[in-house]
Amino acid sequence: MLLMSYPIVSMEQLTRQLWLARFRAPELAAAARPGQFVMIGGGEGWDPLLRRPFSICQAYSPSSNRGPAGLDPGEVSILFSPGKKVTVWLAQRKPGDKLDVLGPLGNGFTVSPKSRRILLIAGGWGIAPMIGMAAEAVAKGLSVTFLAEFADSSQVLPGSLLPSEARYLVTTQDVSQGANRSVIDLARQLLDGADEVFVSGPTEMLEMVHKLGRSADKATQSSSQNPEGTPKGLTIRRIGDPFGMYGLFEEPMGCGTGICLSCVIETRRGLLRCCADGPVFPLEEVFGPSETQSSPFGIAELR
Amino acid sequence: MNLAVELAPRNRRRLLLKNPVMVASGTFGYGTELAEAVDLSRLGAIVCKGTTRYPRTGNPKPRLAETPAGLLNSIGLQNIGVWGVIKEKAPIWATWDVPVIVNVAGETVEEFAEIAGLLDDVAGVAGLELNISCPNVSRGLDFGIDPELAAAVTTAVKKATSLPVIVKLTPNVADIAAIARAVEAAGADAISLINTLLGMTIDIRRRRPVLGSLSGGLSGPAVRPIAVRMVYQVAQAVEVPVIGIGGITSTEDAIEFLMAGATAIQVGTANFINPRVSLDVVEGLEGFMAKENIEEVQELIGAAVGPKAKPS
């Protein structure tokens, strides 16, 4: 857990709402994994008092042979939308300004060594960690499909941030009948071709993807007389968790280091901290039926 | 240069800290969470998360709201319970080079005593801090606002254990010195203050309080002047060591409390911003003493105030 000041290299507006900040942070870049986040101290003095969490978008470890698009070795990037105090302040930073950064924090994504093909699904703010995830997966030789949903076509992130080997599919909300209909429809079609699925975005989206996974599993169970053997694409997902689907959850945070207990999420293992036990959880763990009655003795131990 | 302070001079088990810098309950977990990131052996002491008889899930979210130079919390004492502490945490603490004090929160006087009794001879537990008034528990826990109730809890706990007992006072009272005198008379080895101040913030767009529990406890730099004033009042009123808590974010803040009469201090909310801030305070205190040619930290304690008023 590093606490350091890093100089900003560039501050770029990519779309109407999305900004990309690159900063030189070799220590952070060496330690960070996709799905992890940092806590940034913004504003002046005690205004605001607490740090804010930002998913790490891309990180180019100094020891890597190949880094993500648009980054130099030792650099880290974060993607954000100026909205409230700290993000507005952040968008006003200039190259050379220092960022006060605590991290990397959280558990990050883990891809099973047996996975060959992964599906990444991102919505809204959730797109940031998936960009770095795509780069790292491609560098490891995995086949990556990246499905991202944006509010409208003016907000679509350019594909230049992603490795060219990744298959990049985009949906926009203004095309569909209701929010998220089109990204879920597309996800349903792509599920079969993936060994593992990683989702990042609003909780409603995570829950919808989880439901997709469950219905896909039911379809497998009912077609178990298939003479071909186990249906393709679903074997790997049974390792550990029933569906091999993982979500990056977001909760308002206080400390980001697992101490204050503001960011807890109810899961099958009890109340877990989004910042320290997560932010990545198997979707089944959060949305699956709870095993225990609500009893004081069913609470997950705090580490 | 000597920074050591004794927190329980009246107790044969003693509670000697290598320096006056402690970390406050609820802001450092059980110490285990940050053991790799922070050199715990540099700290004077750790006070762990408030511990109840049975595990608690805590209050509905949102549990945290930022306020000017402060924060409101209504975590609601989510914790693993006293048996969780005994089985999982104390054995680890026993291997450390820093005393760990268990903060205890009971719903009745008997429960306080029961928890204290269970912790009495547990290796790794160096002392108890009694949370006699946590604003975030719905059944009140208002022992701290009444001198007799506060004394009753103290007496019961002192009967149940020989561990050093620190009583943590709430500032949500009209006369904190009266509470302090009552718990001292009941046998408290030391007194710590302040716990959080009751507060509320409202979301004007949603037209409702931000916190799931409506109100919560205010902490952070905003409360410091109240805390310093109360530490001064209590240190004037009692003989036992006083531990100052309230918005400490730097060495200078810590020294303010020492000079007001505190024997030791606790860093709390600041840990959320920088988990290593307490180490910075220790280092800063050493630097300050070196620069000012101060040999004993005792010279700083009460240095800004006159001799104590006679006890009434």
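**View 1. Aromatic rings pair up in this predicted model.** Searching the whole structure turns up 9 aromatic pairs over all chains. Here, rings of Phe, Tyr and Trp (its six-membered ring) pair if their centres lie within 6.5 Å. Ring pairs tie W19(A), F54(A) and F80(A) into one cluster. Since this is a predicted model, local features need pLDDT of at least 70 and side-chain atom pairs count only at pLDDT 80 or more, while totals for chains, interfaces and linings use all residues; side-chain values use heavy atoms, with hydrogens and water left out. To find your way around, note that residues are numbered from 1 along each chain as its sequence is written, and that chains are lettered from A and ligands numbered from 1 in the order in which they are written.

**View 2. An arginine sits over a tyrosine ring.** Look for R53(B) over the face of Y54(B), at 4.7 Å from the ring centre. To count, CZ of Arg (or NZ of Lys) must be within 6 Å of the ring centre and within 35 degrees of the ring normal.

**View 3. Chain B as a whole.** You'll find 8 helices and 16 strands in chain B; these are DSSP runs, numbered from the N terminus (helices are H or I, at least four residues; strands are E, at least two). The radius of gyration of chain B is 18 Å, close to the 20 Å that the globule rule gives for 312 residues, so chain B is as compact as a globular protein of that length. That radius is taken over C-alpha atoms, and the rule is 2.2 Å times the number of residues to the power 0.38. The C-alpha trace of chain B spans about 55 × 45 × 45 Å along its principal axes.

**View 4. Two helices side by side.** In chain B, the axes of α1 (residues 81–93) and α2 (residues 109–119) come within 10 Å and cross at roughly 10 degrees. Therefore α1(B) and α2(B) are roughly parallel to each other (angles under 35 degrees count as such). V82(B), W83(B), V85(B) and I86(B) from α1(B) meet I115(B), L118(B) and L119(B) from α2(B), contact being heavy atoms within 4.5 Å.

**View 5. A tryptophan in a loop.** W96(B) belongs to the loop between α1 and β7 (100–104) of chain B. Leaving out residues up to four places away in sequence, W96(B) touches Y30(B), G31(B), T32(B), A35(B), L40(B) and I46(B). W96(B) and A35(B) are 61 residues apart along the chain, yet their C-alpha atoms are separated by 9.8 Å.

View 6. The peptide bond from K61(B) to P62(B) is cis, with omega near -5 degrees. L77(B) isn't a glycine, but has a positive phi of about 55 degrees.

How values were computed:
Axes fitted to C-alpha atoms, helices over the stretch in contact; angles between N-to-C directions. Parallel < 35°, antiparallel > 145°, perpendicular 65-115°, else oblique. Phe/Tyr/Trp six-rings, centres within 6.5 Å; stacked < 30°, edge-to-face > 60°.
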